[in-house]
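Please read them with the model open beside you.

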Amino acid sequence: MQLLDGKYVSNKLKQEIAVEAVELAQKLGRKPHLVAILVGHDGGSETYVASKMKNCETVGFRSTLIRFENTVTETELLHQIEKLNLDHEVDGLIVQLPLPSHIDPERVTEAIDYRKDVDGFHPINLGRMQRNLPCFIPATPYGITLILKEYGIETAGKHCVVVGRSQIVGLPMSILMARNSQPGNCTVTLCHSKTENIASYTQNADILIVAIGKKNFITADMVKKDAVVIDVGMNRESSNETKSGFKLYGDVDFEAVASKASWITPVPGGVGLMTIVGLLKNTLSAARKEIYV
Ligand code: NAP
């Protein structure tokens with residue numbers, strides 16, 4: 001087994017981004033700028049947003065966090081998004097999900113100017129992605145393609161099984177792997193909670209990508225020998241072994257599956273770090289007006 005090391009690859013790519021950010025800042029007369037909106041105080045969301053902001057500073061971007069209490073109305077949130085859409089000093093704009101139940105995430109996603117949608121969730125970006133046109137690719141699937149590329153993992157002609165069909169991970173991932181692109185050109189099977197006998201599909205996967213949010217769901221008997229295994233899961237459990245007070249587990253039983261896989265991502269230290277890189281690369285593209293003017 002060899003590790004697909006998100007720590008190594010993300011550090012390498014962040015160094016490259018930092019160099020490009022300096023050059024771009026000289027050209028623009030300001031740093032690339034990412035704005036994140038956070039509603040409420042969900043522990044996971046707080047951690048993810050803080051990490052995004054910190055990573056922006058690390059690579060020389062400007063970052064701004066706008067916070068709202070859980071009581072914010074949808075209208076107030078949409079008004080704030082509209083203001084940021086019109087602000088020429090904002091390159092990328094993300095709204096951390098999940099949102100409180102009284103706010104429609106679809107309305108919020110569609111309210112973000114697709115030219116600033118560095119999360120890649122807007123229907124225009126998703127539609128363009130499907131058509132293999134330049135766009136912002138959702139950060140997690142984008143990060144996964146970057147790590148596959150970095151390690152030269154051959155994907156053409158392989159059977160890729162994606163478990164989980166969320167709009168932000170599984171579904172776009174399945175499209176990227178099926179596209180005529182590199183990585184891509186796979187024969188793709190997309191499994192979800194209604195799939196019967198999931199193991200019968202995962203056991204035939206040359207590349208297995210799992211994003212369901214169930215600790216250690218994929219066991220060794222569900223994996224083909226020498227498969228490439230990508231674990232997107234981030235399952236937080238409280239722990240007194242760590243400084244943060246919680247421990248992260250993937251959707252894959254790492255210890256058991258690692259002995260069978262040819263390549264595997266660890267949790268933590270895998271896809272999570274690559275997701276940040278995907279977001280940073282999208283923000284750089286947005287500031288450069290590389291995709292949309
Ligand atoms: P989500 O929106 O909750 O979607 C979960 C998907 O998994 C759904 O499509 C669901 O099927 C499917 N599913 C649930 N239980 C299943 C089962 N027993 N068998 C087969 N499929 C099942 O989750 P998400 O946002 O994609 O996130 C998935 C995991 O990835 C979570 O642990 C999350 O924290 C993590 N994540 C990590 C990163 C990162 O950067 N590493 C980024 C995003 C998410 P249905 O559609 O049929 O309900």
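1. First, a definition for the helices: the expected span of a helix is 1.5 Å times one less than its number of residues. Helices (H or I, at least four residues) and strands (E, at least two) are DSSP runs, numbered from the N terminus. With that in hand, take helix α6 (residues 139-150): its twelve residues reach 16 Å from first C-alpha to last, close to the 16 Å expected at 1.5 Å a residue.

2. Two notes on the source. This is a predicted model, in which local features need pLDDT of at least 70 and side-chain atom pairs count only at pLDDT 80 or more, while totals for chains, interfaces and linings use all residues. Residues are numbered from 1 along each chain as its sequence is written, and side-chain values use heavy atoms, with hydrogens and water left out.

3. Back to α6, which is mostly covered, with ten of its twelve residues buried (buried means under 20% relative accessible area, exposed over 50%, partly exposed in between, with a 1.4 Å probe and protein chains only). Among the buried residues are P141, Y142 and G143. The buried residues of α6 pack against α1 (6-28), α7 (170-178), β7 (207-210), β8 (228-231) and α10 (271-288); contact here means heavy atoms within 4.5 Å. Just after α6, G152 has a positive phi of about 65°.

4. Helix α10 deserves a look too. Its 18 residues reach 26 Å from first C-alpha to last, close to the 26 Å expected at 1.5 Å a residue. Because 14 of those 18 residues are buried, α10 is largely enclosed by the rest of the structure.

5. Now to a sheet. Three strands form an open sheet in the order β3-β2-β4, with parallel pairing (two strands pair if DSSP finds at least two bridges between them). β3 (62-68) and β4 (92-95) are at the edges with a single partner strand each, so one side of each lacks a neighbour in the sheet. From one strand to the next, the twist averages 15°; axes are lines fitted to C-alpha atoms, for helices over the stretch in contact, and angles run from 0 to 180 degrees between N-to-C directions.

6. How is β2 joined to its partners? Seven bridges link β2 (residues 33-39) to β3, and V35 has T64 as its bridge partner in β3. Helix α2 (residues 43-58) packs on the sheet, touching β2, β3 and β4, and its direction makes about 155° with that of β3. Helix α3 (residues 74-86) also touches β2, β3 and β4, with its direction at about 180° to that of β2. Four bridges join β2 to β4, where the bridge partner of I37 is V95.

7. In a regular strand the side chains alternate between the two faces of the sheet. From β4, G92 and I94 point one way and L93 and V95 the other, and all are buried.

8. On cysteines, the structure holds zero disulfides (a disulfide is a pair of cysteine sulfur atoms within 2.5 Å). C56 is buried, at 0% relative accessible area. C186 is in no disulfide either, the nearest cysteine sulfur, that of C160, being 4.9 Å away. C186 counts as buried at 9% relative accessibility.
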